[in-house]
Amino acid sequence: MQSDDTPVIVYTTFPDITSAKNAGSQLIAANLAACVNILPGMVSIYQWDGKQESSEEVVMIVKTRSALAQAVVGEVSQQHPYDTPAVLTWQVTGGAPTYIEWIAQMTKP
C-alpha cells in the first residue's frame, strides 16, 4: 500500500438527513469516498455566539484515503449549510487489509 492510500476517516455533522445524504452522494459520485455512513438522532451541545446551544444533528462518517482527505474536507465545507461546520479527519492506523484495499480501490479515478 502506498502512503497516499492510507485510510482516513472524515467526521462531520449536518442539520438533517437530507443535506447529509446529498453531500454523501456527491462524495461517492466524485470517487472522493468509498463509503459514507449517516447516523441520525444525535444531539449536540456547544457554545456559539457566547451562549450554550443544543441541537439535533446527523453524523456523517466518510471513509476515504489520505490523498483525498483535504478534497473531502473542502467538498463537505463547500456543500455544508453551516457557517462553521464541524469537519475533522482521523488517520486510520489499522483494520482489515481487504477493507483498507477496497477503500483505496473505490477512491481511484
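Before looking for pockets, I noted what counts as one: on a 1 Å grid over the protein atoms alone, a pocket is an open set of points where a 1.4 Å probe fits, with protein on both sides within 12 Å along at least five of seven lines, and lining residues have an atom within 4 Å of a point. Grid points are joined across faces, edges and corners, and a volume is the space filled by probe spheres set on the points.

The model is predicted, so I kept in mind that local features need pLDDT of at least 70 and side-chain atom pairs pLDDT 80 or more, while totals for chains, interfaces and linings use all residues. Residues are numbered from 1 along each chain as its sequence is written, and side-chain values use heavy atoms, without hydrogens and water.

I looked up the largest pocket and found a volume of about 310 Å³. Its lining includes Thr13, Tyr46, Trp48, Glu57 and Asp83. I then asked which elements give two or more residues to this lining; they are β2 (35–48) and β3 (51–65). Helices (H or I, at least four residues) and strands (E, at least two) are DSSP runs, numbered from the N terminus. The largest share, 4 residues, comes from β2. By class I noted 5 nonpolar, 5 polar and 2 charged lining residues, where Ala, Val, Leu, Ile, Met, Phe, Trp, Tyr, Cys and Pro count as nonpolar, Asp, Glu, Lys and Arg as charged, and the others, Gly among them, as polar.

**Sheet.** Next I traced an open sheet of 4 strands, ordered β2-β3-β1-β4 with antiparallel pairing. Two strands pair if DSSP finds at least two bridges between them. At the edges I have β2 and β4 (87–91), each pairing on one side only. I checked β1 (residues 7–14) against β4 and found 5 bridges in the antiparallel sense; Val10 stands opposite Thr89 there.

**Core.** Val10 came up again in the largest nonpolar core, which has 18 residues. Such a core is a set of buried Ala, Val, Leu, Ile, Met, Phe, Trp, Tyr and Cys residues joined through side-chain atoms within 4.5 Å. Among the members touching the most others are Val10, Phe14, Leu27 and Met60. I see at least two residues each from β1, α1 (17–29), β3 and α2 (69–79), and α2 gives the most, with 4.

Key
Buried means under 20% relative accessible area, exposed over 50%, partly exposed in between (1.4 Å probe, protein chains only).
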